[in-house]
Amino acid sequence: MSVRLDTKSPELYQELLSKYDTWMFDCDGVLWRGDRLIDGAVEVLHFLRSQKKRVLFVTNNATKSRRNYKKKFDGLGIQAHVDEVFGSAYAAAVYLSSVVKFPKDKRVYVIGMSGLEDELRSEGISFIGGTVEHHLASADNTLSAPEEIPPDPTVGAVLVGLDTSINYTKLSRAFRYLDSNPECAFLATNQDSTFPSDKGLLPGAGAILAPLVTALGPNRPVTSIGKPSNLMLDAIKAKHHFDPKRTIMVGDRLNTDIQFGKSGGLATLLVLTGITSEETLTGPNPSTIVPDYVTCSIGDLRVIVAD
């Protein structure tokens with residue numbers, strides 16, 4: 001059962017501060033919605049740093065590279081360093097370069113945006129598709145299926161992330177590369193069905209991925225690298241040493257953020273400023289994923305800043 005935190009009981013928040021040295025934060029729906037800060041987020045992060053806590057940012061959003069995320073943090077007035085930011089785009093690139101040792105003579109077919117491409121380049125991974133203008137990608141800006149998609153033995157993986165320019169041509173290419181070559185790896189940055197924005201809830205990377213999962217069937221499973229996969233936690237462990245027992249994951253989504261923390265042996269704090277609602281927790285069909293702590297907003301921690 002979750003511990004319900006309330007600003008009327010600041011001692012509960014003080015207990016969190018005492019118990020955990022490393023604080024991992026999701027971003028969308030926790031620190032901001034779209035380009036709008038969650039009230040109190042900057043003050044709380046500054047306070048945690050002043051208390052010598054390690055602060056890390058763990059996001060499934062693969063549309064931005066770590067360096068572009070740094071620009072967003074700067075623009076919102078949030079202190080952050082590039083090596084504190086772990087996105088699913090970066091984790092996917094590291095997975096290809098360091099875990100599977102992706103061959104230099106192979107290419108990745110990308111369904112995704114510039115942030116994903118930036119991280120692949122930084123890890124020395126060759127790719128086609130995505131936003132790159134070349135003889136394949138230029139044809140991907142159409143809504144009709146191409147007349148022919150021949151097998152391409154140089155494509156060693158298909159990597160799917162959020163793509164706001166998704167179309168039938170891109171899906172057809174990805175399907176053909178995977179269906180024609182059993183050795184071609186099927187990867188996803190994450191499987192989030194939706195993501196919160198300042199315009200409301202929108203389809204996420206999982207919605208882009210779903211047609212391929214359906215078309216390829218159960219005998220061609222996808223490897224998802226972002227939360228809640230332990231592959232994301234492995235990427236963080238490769239760069240930072242921390243004690244899981246003294247680490248807390250703060251997120252707004254039960255099936256990614258909170259499950260990620262639980263799978264990795266971390267404590268979990270759910271905020272209600274993003275995807276998850278009170279009804280999800282206490283309604284007639286409550287989730288089976290139960291966070292250790294629940295608070296309305298990350299800004300609630302300001303109750304101990306003044307102490």
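Student: Is Ser-9 buried, exposed or partly exposed?
Tutor: Ser-9 counts as partly exposed, because its relative accessibility is 22%; buried means under 20% relative accessible area, exposed over 50%, and partly exposed in between (1.4 Å probe, protein chains only). This is a predicted model, where local features need pLDDT of at least 70, side-chain atom pairs count only at pLDDT 80 or more, and totals for chains, interfaces and linings use all residues. Residues are numbered from 1 along each chain as its sequence is written, and side-chain values use heavy atoms, leaving out hydrogens and water.

Student: Ok, where does Ser-9 sit?
Tutor: In the loop between β1 (3–4) and α1 (10–19). Helices (H or I, at least four residues) and strands (E, at least two) are DSSP runs, numbered from the N terminus.

Student: What's the strand order in the open sheet?
Tutor: Seven strands run β1-β16-β15-β14-β2-β5-β6, with parallel pairing; two strands pair if DSSP finds at least two bridges between them.

Student: Which strands stand at the edges?
Tutor: β1 and β6 (85–87). Each has a single partner strand, so one side of each lacks a neighbour in the sheet. For β1, the pairing with β16 (residues 293–295) is parallel, over two bridges, and Val-3 stands opposite Tyr-293 in β16.

Student: Switching topic, what touches Phe-73?
Tutor: Beyond neighbours within four places in sequence, Phe-73 is in contact (heavy atoms within 4.5 Å) with Cys-27, Leu-31, Trp-32, Phe-57, Ile-78, Ala-80 and Val-85.
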